[in-house]
2 protein chains.
Amino acid sequence: MSTAGPRPRRATIRDVALEAGVSRGTVSRVLNGEPYVSAQAREAIERAVARVGYVPNSAARNLATRRSQAIGFIVHEPHELFLEDPNIGAILLGANRVLSGSDHQMVSLVIDSERDSRRVARYLSGGFVDGAVVVSARQDDTLLTTIARLSIPATLVGRPPATSRVPWVGIDNKGAARAITEHLVGTGRRRVGMIAAALDRDSGADRLAGFRDALGPAFDRRLVVENQLYEYTAGRTGMIELLEREPEVDGVFAASDAIAAGALDALRAAGRRVPEDVGVVGFDDSSWALRCQPLLTTVHQPARQLGEAAAASVLAQLRGTATDEPAGGLLETHVVVREST
Amino acid sequence: MSTAGPRPRRATIRDVALEAGVSRGTVSRVLNGEPYVSAQAREAIERAVARVGYVPNSAARNLATRRSQAIGFIVHEPHELFLEDPNIGAILLGANRVLSGSDHQMVSLVIDSERDSRRVARYLSGGFVDGAVVVSARQDDTLLTTIARLSIPATLVGRPPATSRVPWVGIDNKGAARAITEHLVGTGRRRVGMIAAALDRDSGADRLAGFRDALGPAFDRRLVVENQLYEYTAGRTGMIELLEREPEVDGVFAASDAIAAGALDALRAAGRRVPEDVGVVGFDDSSWALRCQPLLTTVHQPARQLGEAAAASVLAQLRGTATDEPAGGLLETHVVVREST
DNA sequence: TTGTACGCGTTATCAC
DNA sequence: GTGATAACGCGTACAA
């Protein structure tokens, strides 16, 4: 328990009114840029504001207006992923951009423990935010039920559980996975494997489904290695595993660029050449793709736009102009061919 | 301009009091776990809370208590760096951990434009947070003057401008740079260069100063390449530049691991072997260091602990038990020897 | 054009 | 133990 005392008292509208010799109502009007104030009063008030060092208290304003002009950006991730996943940063920046444009403060909240989870729920309930963008919620996330119960405007990034009716934005993971697998097969690969990840989330499961679709009868469950997270080390170990299971493998679909980067390093260590001996493709088109050797062929995912779309959707709900789900429709992806195929 | 209306009315203490047949005061006491409430009243109130679906409104509570139980985590970075810098994530997690432990909500605010900057200033003024952790403030940051003016408890991560008297936590960049440069020289290198970055910030400038110190008379300004940011591509281009200026170079101190990773790739492309032909060292001991080939010798920087120390410092200020500056003292760093030297 | 007075939902200080 | 009731700082009808 912290035992902090109140902060030093700051000037209020009252002080300004006294100083300027007008009423609080008039001060309030000036502060909110309303018409019907004499130039004289306005000027006196502005001077008074400066003199007493007045700054408005939003807690009071929130209480009166019942709105906070703030939107939560909630990230629910285990440490590792939060640090490794380049998409989250881009989504965050995208969201911040549109919120900033409509004069909303984005406040991002990270959930990193059960305790965090409860506190964030309280925070949402408390009227600190008018709405929320939720990134990478789990299928069974209690956060979603909290949000539903409070009926606070929210939009998810990524497809929510089928039972939920929250608006969301996302991409067609399955279609994109199919497309890039087809590209890989199109370069003449015969024994194609996948390093999958995060099968407990829609993105992970859908990418595997797309891979399976593309391969059709050629699909071989033995050539799929599974991991918890979309991370570099999973790529290294996954690739080693894959080479053990099938030394003849000549094509690999990695569920993320980070995984692909790990796979490339493992392949190099094993003496295989890319793309001559084996073709590798990733997913995300994150900064990982450009720091690989060779440059990675991958699926471009519009991470920043996802953030923008999600934020726009929340604002739309706030205005009461919410559209159908999914909020922004599915955003476009496309295959970026580089050197690894 | 958004034109949102108020959200649906939610149950208040008043409703609970009515429902339970007691006064608001008693309800408030129960809610805050205070003593002197009859078991009977307590039970009735708890049932009433559940029945009317009461959730406390923090705006009102904030107004009454004049505290928000929230701490701002302010990141002031250009996009690229925010996405590339692995330290920020670790610092953030560290801060969240200690704040979470003392039941404070961490809200992170990113400043990404002039407009953001002003809005965050308003946000801070508005009583939304009781204090703030500020990461990577610029030397001339207006944020710092805002914070000083409002006298809101804050702690910086990284050394502030000399003129400022804000508490801060950090590491001894200069000493650490000297140490790792000495290690590099100790492996027998004769022509040692540096790929420097962010000279407009204390970290960047201090690392260069430490490098210079370690080299003493052997220091050669020509062998220092400068960059804006601590990023991978700066490492590639910087290394190429360095090789052009001095083909005989056999040692490189990169101002960050990301830069070192770029340098390693550039060296490989140029046909130099590491560590045989040239030794490379980095700074940060971030995840970059472990995905390099060869594994990178670098300075371990306790990023997570920096976040923890900064948060603890803010909480201490809140409690009125603030210590001298720097807030947490300088945190320890050490050289981690791996394969690149 | 300006002032008054009430409401926002809690906490806190009293008497009882 | 409990119940009134005055803050907390601001927005906003309504009256003047």
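B:Arg67 sits in the loop that links helix H4 (58–65) to strand S1 (70–76) of chain B; helices (H or I, at least four residues) and strands (E, at least two) are DSSP runs, numbered from the N terminus. In space, B:Arg67 and B:Gly127 are 7.3 Å apart, C-alpha to C-alpha, although 60 residues separate them in sequence.

A word on the basis of these values. This is a predicted model, in which local features need pLDDT of at least 70 and side-chain atom pairs count only at pLDDT 80 or more, while totals for chains, interfaces and linings use all residues. Residues are numbered from 1 along each chain as its sequence is written, and side-chain values use heavy atoms, with hydrogens and water left out.

How are the two chains related? Chain A can be laid on chain B with an RMSD of 0.2 Å by a turn of 180° and a shift of 0.0 Å along the axis, superposed by least squares on C-alpha atoms of residues with pLDDT of at least 70 in both. The copies are thus related as by a two-fold rotation axis.

I turn now to salt bridges, each a side-chain nitrogen of Lys or Arg within 4 Å of a carboxyl oxygen of Asp or Glu. Over all chains, the count comes to 37. One of them pairs A:Arg122 with B:Asp103 at 3.6 Å, N to O. A:Arg122 lies in helix H7 of chain A and B:Asp103 in a loop of chain B, so the pair joins two chains.

Within chain B, B:Arg159 forms a salt bridge with B:Asp206, the closest N and O atoms being 2.8 Å apart. This pair ties together parts that are 47 residues apart in sequence.

How values were computed
Chains lettered and ligands numbered in written order.
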